[in-house]
Amino acid sequence: MSAFADVGSLRPQQIWDGILGRTVHGDRVSFSLLELDAGAVVPEHAHANEQVGLLLEGSVTFTIGDETREVRPGATWCIRADVPHSVVVGPEGALIVEVFSPVRDDWGAIASEEPRPGRWP
């Protein structure tokens with residue numbers, strides 16, 4: 001397996017309804033490019049993985065613990081392990097890069113689609 005890959009060669013997964021992810025898994029981290037459809041909702045949930053992210057395009061409203069904020073391109077966030085969080089995607093959709101540690105082993109149960117070009121680059 002090569003250490004390199006183009007985003008379009010990664011097998012997309014439908015992580016949530018309206019949320020498509022392309023992920024590279026290392027030994028200790030998962031790195032994801034997430035394409036979020038306009039108006040998509042990620043219901044409140046929590047997981048043992050720490051999660052940090054960067055919004056590249058669009059807008060989302062995050063609730064992390066008891067804090068809610070609309071974020072725009074350039075915004076970052078840090079979600080500690082086991083902290084409840086949810087997302088509502090803005091009207092133009094969004095493109096997010098996120099890193100999870102430890103690896104998102106639970107995503108292994110989600111079906112992968114055939115590689116195809118994404119919204120980015």
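The structure is a predicted model, in which local features need pLDDT of at least 70 and side-chain atom pairs count only at pLDDT 80 or more, while totals for chains, interfaces and linings use all residues. Residues are numbered from 1 along each chain as its sequence is written, and side-chain values use heavy atoms, with hydrogens and water left out.

Strands (E, at least two residues) and helices (H or I, at least four) are DSSP runs numbered from the N terminus. Two strands count as paired if DSSP finds at least two bridges between them. Strand E2 (residues 19–25) runs antiparallel to E3 and is joined to it by 7 bridges; the two form a hairpin with 4 residues between them. Within this pairing, isoleucine 19 has leucine 36 of E3 as its bridge partner. E3 also pairs with strand E8 (residues 85–101), again in the antiparallel sense and over 7 bridges, and here serine 32 stands opposite glutamate 98 of E8.

E5 and E8 are antiparallel and share 13 bridges, with glutamate 50 opposite serine 101 in E8. E5 pairs with E7 in the antiparallel sense over 4 bridges, and glutamine 51 faces isoleucine 79 of E7. Strand E6 (residues 67–71) is antiparallel to E5 and joined to it by 5 bridges, among them one that links phenylalanine 62 with arginine 69. The hairpin of E5 and E6 has 2 residues between the strands, and glycine 65 there takes a positive phi near 65°.

Leucine 36, beyond residues up to four places away in sequence, touches Gly18, Ile19, Val60, Val87, Val89, Gly93, Ala94, Ile96 and Arg119; contact means heavy atoms within 4.5 Å.

The largest pocket has a volume of about 380 Å³. It is lined by 13 residues, of which Met1, Leu10, Thr23, Val24 and His25 are the closest to its centre. On a 1 Å grid over the protein atoms alone, a pocket is an open set of points where a 1.4 Å probe fits, with protein on both sides within 12 Å along at least five of seven lines, and lining residues have an atom within 4 Å of a point. Grid points are joined across faces, edges and corners, and the volume is the space filled by probe spheres set on the points. E2 gives the most to the lining, with 3 residues.

Finally, valine 103 lies in the segment after E8. This residue is buried, because its relative accessible area is 16%. Apart from neighbours within four places in sequence, valine 103 is in contact with His25, Gly26, Asp27, Arg28, Val29, Ser30 and Asn49.

Methods
Buried means under 20% relative accessible area, exposed over 50%, partly exposed in between (1.4 Å probe, protein chains only).
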